[in-house]
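Welcome, and please take a look at the sequence and the model below.

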Amino acid sequence: MIHAFNFKNEYFVYDVESGSLHEIDKIIYDILRGGDLSAYDEAEIAEAKQEIVQLKSQGLLDAEAPEYKPQEKRLDVKAMCLHVCHDCNLRCGYCFAKEGTYSGAREMMSFETAKKAMDFLIDNSADRKILEVDFFGGEPLMNFDVLKRTVEYAKKRGGEKGKIFKFTTTTNGVLLNKETSDYLNAEMDNVVLSLDGRKEVNDAVRKTANGKGSFDLIIDNFKYFRSIRGDKSYFVRGTFTAKNLDFSKDVLFMNDLGFDQISIEPVVLPEEHPLAIHESDLPIIFAEYEKLAEEYIKRRQTDKWFSFFHFVLHLDDGPCYKKRLVGCGAGSEYLAVAPNGDIYPCHQFVGENKYVIGNVNGGALNDDLRHAFARSSIFTKPECMNCWAKYHCSGGCNANAVHANGDMNKPYRTACEMMKKRLECSMYIFAKEKAGDVF
Amino acid sequence: MKHVKTIAKPELNKIAKNSGCGECRKNVCEQK
């Protein structure tokens with residue numbers, strides 16, 4: 001399978017099975033796409049076709065898929081999302097966690113439950129050495145004491161078992177002061193700072209409990225954290241909605257504030273929600289990604305260098321084949337634990353009773369549910385098997401598929417289309433930067 | 001080649017059998 005595409009009148013072909021990317025002349029593009037060849041003379045066409053044959057003979061175009069028998073994913077656990085707090089000090093208009101409560105009670109995880117969650121992770125991790133814990137909510141810093149004690153416990157117990165822990169915290173920044181910042185900087189392998197971009201965009205949806213915008217409340221906290229973070233991982237991570245389809249301005253605004261690790265994601269909401277993105281918005285969104293790609297290349301040549309999460313694409317040395325089939329591992333190698341100890345396939349299923357896998361306090365696990373997630377891969381999704389992007393999105397988000405189509409094996413099409421556009425942008429950027437052919 | 005410039009050729013399909021160490025995991029392989 002191949003994918004030939006045109007980006008700003010430059011032509012590329014991506015070979016799906018070998019992972020090869022070629023920059024091509026328009027004549028090759030037209031031949032591969034079955035286009036009109038009347039503008040070319042016969043000698044040119046013959047020469048171009050010969051080059052296509054040569055690429056195929058080298059295994060770099062239309063390459064064969066590897067002989068690989070679909071397998072269930074491993075059920076030993078690699079990563080856990082720990083919901084230390086089901087409460088929040090913001091009231092964001094698009095929050096899937098419903099003010100942090102996940103449609104349940106406002107609740108804090110006790111240290112006893114957090115300890116049992118760490119024990120569950122360690123005891124169910126088989127021979128994996130590196131384990132990961134994401135502190136999540138709600139707003140996890142509202143339960144800062146339990147967060148700190150959990151880190152200390154996991155490191156001690158993990159050390160006894162030969163495990164290395166990597167921690168992440170996602171925070172809205174309201175409680176990010178010198179004490180919490182210095183702690184997160186010292187203990188977290190990654191910190192995700194939630195900010196939607198321009199003040200008016202952020203404040204239209206990310207509001208405090210009394211209805212005021214949060215930008216002025218958090219921005220200096222984020223700047224302080226950035227100032228002490230150095231080269232360690234962090235992300236300023238935003239959400240764009242139907243109200244800011246010009247989101248490239250928000251990405252560049254965050255870069256102008258001094259942040260150099262940036263991500264912005266399309267909101268996923270029911271069709272009728274006023275902030276929801278619809279398929280009819282896709283042409284505007286595609287143009288915005290293209291605009292961002294061009295500015296991205298320019299800025300990376302200057303002192304405003306930054307990394308945009310979705311444009312990071314290492315074609316030469318990315319994940320191995322097997323990893324590309326697994327995706328995030330929700331329900332198998334990745335689980336989420338609610339404050340009461342209930343275990344879910346991932347944070348996006350928390351609060352949905354039919355997706356409870358078990359509880360860290362003991363009792364049987366719902367193995368049928370875990371196996372259903374473990375079986376799910378691009379091989380169980382017919383639309384994915386015929387898609388050129390399958391080894392980069394790994395079948396997409398199971399939660400989005402369930403919430404959009406009622407079936408984890410029916411991908412959420414709007415997200416698929418955006419993923420493919422971002423990949424084309426990423427391949428264009430990769431080609432330009434590798435060739436040194438920048439603006 | 002006159003009409004083609006190869007940008008990347010990781011030969012992903014050739015290493016399928018050897019992959020999957022299980023140590024990697026809100027797009028570089030540390031094990032190379």
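What follows covers how the chains meet, and then one residue of interest.

This is a predicted model, in which local features need pLDDT of at least 70 and side-chain atom pairs count only at pLDDT 80 or more, while totals for chains, interfaces and linings use all residues. Residues are numbered from 1 along each chain as its sequence is written, chains are lettered from A, and side-chain values use heavy atoms, leaving out hydrogens and water.

**Where the chains meet**

| Interface of chain B and chain A | Value |
|---|---|
| Residues of chain B in contact | 28 residues |
| Residues of chain A in contact | 56 residues |
| Buried area | about 3,800 Å² |
| Salt bridges | 2 salt bridges |

Contact here means heavy atoms within 4.5 Å. Buried area is the accessible area (1.4 Å probe) that two parts lose on being put together, summed over both; carbon and sulfur atoms give 54% of it here. One salt bridge (a side-chain nitrogen of Lys or Arg within 4 Å of a carboxyl oxygen of Asp or Glu) joins B:Lys2 to A:Glu47, with the closest N and O atoms 3.3 Å apart.

Strands take part as well: S3 of chain A (residues 21-24) pairs with S1 of chain B (residues 4-8) in the antiparallel sense over 4 bridges. Strands are DSSP runs (E, at least two residues), and two of them pair if DSSP finds at least two bridges between them. In this pairing, B:Ala8 is the bridge partner of A:Leu21.

**A residue within chain A**

A:Thr113 is buried, with a relative accessible area of 9%, where buried means under 20% (1.4 Å probe, protein chains only). A:Thr113 touches A:Pro339, A:Asn340, A:Gly341 and A:Val360, not counting residues up to four places away in sequence.

Notes. Buried < 20%, exposed > 50% of the residue type's maximum accessible area, 1.4 Å probe, protein only.
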